[in-house]
Amino acid sequence: MKTIDRYIIADDASVEDVTARLGTVALDGPEAGEVLEKLGAPLPRELYANLAWGTGLVVRSDFTGGIAYFLIAPLEEITDLEAALAAAGAAETSLDEFRVT
């Protein structure tokens, strides 16, 4: 945090460590948007844009080359979020499964 704090130039900016309170779920693939729409989530259209959804955020990320989203939510909601995504058609995977060697 000290490293980041030293780069804040404007007086009206602050940095807060929220890692103990928030979790992130990545949703990627050609049907990622459809899965989110089934759950009633808003879909940010621009890269890196974010929209509020319930107590969290949907962030457009496109980190693997296709349209992708990060879902940021309170830690206590992550398990239910993952279950809702699975019920809407998302399949759980790991970064190792994305690696091409």
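The largest pocket is lined by 21 residues, and Ala26, Leu27, Ala91, Glu92 and Thr93 lie nearest its centre. The model is predicted: local features need pLDDT of at least 70, side-chain atom pairs count only at pLDDT 80 or more, and totals for chains, interfaces and linings use all residues. Residues are numbered from 1 along each chain as its sequence is written, and side-chain values use heavy atoms, with hydrogens and water left out.

**Pocket**
- Elements giving two or more residues to the lining of the largest pocket are β1 (22–28), α2 (32–38) and α3 (75–87).
- Helices (H or I, at least four residues) and strands (E, at least two) are DSSP runs, numbered from the N terminus.
- β1 gives the largest share of this lining, four residues.
- The space in the largest pocket is about 590 Å³.
- A pocket is an open set of points on a 1 Å grid over the protein atoms alone, where a 1.4 Å probe fits, with protein on both sides within 12 Å along at least five of seven lines; lining residues have an atom within 4 Å of a point.
- The lining divides into 13 nonpolar, four polar and four charged residues.

**Core and α3**
- The largest nonpolar core has 16 residues, of which Leu27, Leu36, Tyr69, Leu71, Leu81 and Leu85 touch the most other members.
- At least two residues of this core come from each of β1, α2, β4 and α3.
- A nonpolar core is a set of buried Ala, Val, Leu, Ile, Met, Phe, Trp, Tyr and Cys residues joined through side-chain atoms within 4.5 Å.
- Ile78, Leu81 and Leu85 are the buried residues of α3.
- Their cover includes β1, α2, β2 (50–53) and β4 (68–74).

- Arg60 sits in strand β3 (residues 56–60).
- Arg60 counts as buried because its relative accessibility is 11% (buried is under 20%, exposed over 50%, partly exposed in between; 1.4 Å probe, protein chains only).
- The side chains of Arg60 and Asp62 make a polar contact at 2.7 Å (N or O atoms within 3.5 Å; within protein, one must be able to donate a hydrogen and the other to accept it, and residues adjacent in sequence count only if both atoms are side-chain atoms).
- Beyond neighbours within four places in sequence, Arg60 is in contact (heavy atoms within 4.5 Å) with residues including Tyr48 and Tyr69.
- Tyr48 lies in the loop between α2 and β2.
- Tyr48 counts as exposed, at 61% relative accessibility.
- Phi of Tyr48 is positive, near 70 degrees, in a residue other than glycine.

Conventions. Grid points are joined across faces, edges and corners, and a volume is the space filled by probe spheres set on the points. Ala, Val, Leu, Ile, Met, Phe, Trp, Tyr, Cys and Pro count as nonpolar, Asp, Glu, Lys and Arg as charged, and the others, Gly among them, as polar.
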